[in-house]
Amino acid sequence: MTSGHDAEPSRQYPPATTPEELDHLVEVIKDWAIGNGLAVRTPPAVISSEADPTRITAVPAPVTLFPTAFPRQAFLQGQKAQNAYNELVIDGDDFVRDLWAVHETVKSEGYTQPLSLGLFRSDYMVHEHKSSESPTAQAKQVEFNTIAASFGGLSVHASRLHNFLAKTEYPLLGQPLAQGTLDLPANNTIEGLAGGIEAAYHAYGDSELGHDKCVIFLVQGGERNVFDQRHLEYQISKSSPTIPVFRLAFTDIMKHTSIAKSPKRQLLYTLPRNGNRVFEVAVVYMRGGYGPDDYPNQQTWDARCHLERSHAIKCPTVLTQVAGIKKVQQVLATPRPSSEPSILSKFIKDDTPSAIALWNTFTNIYPMDTSDVGLEARKKALDPEQCVDYVLKPQREGGGNNIYGSAIPGFLKTVPEAHWNSYILMELIKAPAENNFILRNGAIEKGRVISELGVYGTCLWNQETGEVIRNEQAGWLLRTKGEESQEGGVAAGYGCMDSVSLT
């Protein structure tokens, strides 16, 4: 994308706009975003930490000026598949090894809390299937997030922004979009995700120790995406009676929590500003702890084990976090031999509606191990011509970790071959581009964009009995980036918030 106002106006959607109209939209969006919490803490590139030592400033989250056109068929496909993905999840690098070691440690002692909570997000891009005379748009899965599935709070406000503009500003453009022209679906992500946390809180039961219960949001220090998280907290606080919600930095787990000396090992939280107030933690919602950077030393791993062995309901447990790694995605998406059941069938029977919904979203994913399929994938990854159609993914969540196309061969040469099996090779989903404008840090970027749809789900289940207490689709997210950008993470600085205009 480029900066400025001087490109030739498009005859198609979004409507052609003058520089004056763009400037006006920018002013309206800036005020609406701050006034309604579509915001992030100011990045150091905009205001230095020296100029804002107490971190009091915020800026509008990067957002499109218009909702991006998105195929209705692909949008509905993603919604329908979410419950099947929730059902699927419940049933080898160093980081994954260490996560598994936490599970093994707690397993040897014995888990005391059978309930698990998942706030999941399955991410899709549109793939144009051209094998028929009439090309159809299909949603193909990019990844499945089982921990810190972010931007639910901001996604709702991006939808509300575009609904506001559709009523007040788009009809007044020189090439107006009359009210009702755009098909803007409702977005209930805040209520959906908060509802999952509330369900787990109530399922925990009463405190046997006589304490008030609470929910802990476990967060990273210096979090810029704080308002996204706060929207969920504010929604939970609307419950009656009120559910106490506290934020706790991942690095302060051992400082402010302890485990009761009881068979259930209840997790106790001491209010830092009042040491006389002790709460029993019913739910730990993790917005930190999802990557190696959160575990710089053994003390942080001890803290994660401390949480895991407690009686609090974890969102997610270590096992659920491991279930979201790219290697699991690759194994489940491996096509089955015609005469044999698929690996997926171990969890969801082949040829059922749920299995079909999942298979329709899978794209080609290959291991990078020494199996026959893996060796063939290695050839593709190292071939300078074939590699351009693939992305190499490590076992990580969050933006900025993937290696794309022509960069793959050179990258693999820097990695010991013994470590290649911790990656997966995924066929690139080549989504159709649309026109739009992005407002980022006060400047307009314009040009061709591609979008990624995230569909949220909540699931509360009993790991011992397999009983599913809650399994619901919980709203959606649209992230958009410039066509030339290969990463889509908003927090990582690549993408922006957006909403859907169904076509």
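1. N145 counts as buried in this predicted model, because its relative accessibility is 3% and the cut-off for a buried residue lies under 20%. The residue is placed in strand β7.

2. E143 also belongs to strand β7, a strand that covers residues 136-145. With a relative accessible area of 14%, E143 is buried.

3. Is T64 buried or exposed? T64 counts as buried, because its relative accessibility is 0%, against the cut-off of under 20%.

4. Which residues does T64 touch, leaving aside those up to four places away in sequence? The contacts are H162, N436, F437, I438, T480, C496, M497 and D498. One of these, D498, is also joined to T64 through a polar contact between the two side chains, at 2.7 Å.

5. The position of T64 may also be described relative to I29. The two residues are separated by 35 residues in sequence, and their C-alpha atoms lie 9.6 Å apart in space.

How values were computed:
Residues numbered from 1 in each chain as written. Predicted model: local features only at pLDDT ≥ 70, side-chain atom pairs only at ≥ 80, totals over all residues. Heavy atoms only, no water. Helix = DSSP H or I, 4+ residues; strand = E, 2+ residues; numbered from the N terminus. Buried < 20%, exposed > 50% of the residue type's maximum accessible area, 1.4 Å probe, protein only. Contact = heavy atoms within 4.5 Å. Polar contact = N/O pair within 3.5 Å; in protein donor to acceptor, adjacent residues only side chain to side chain.
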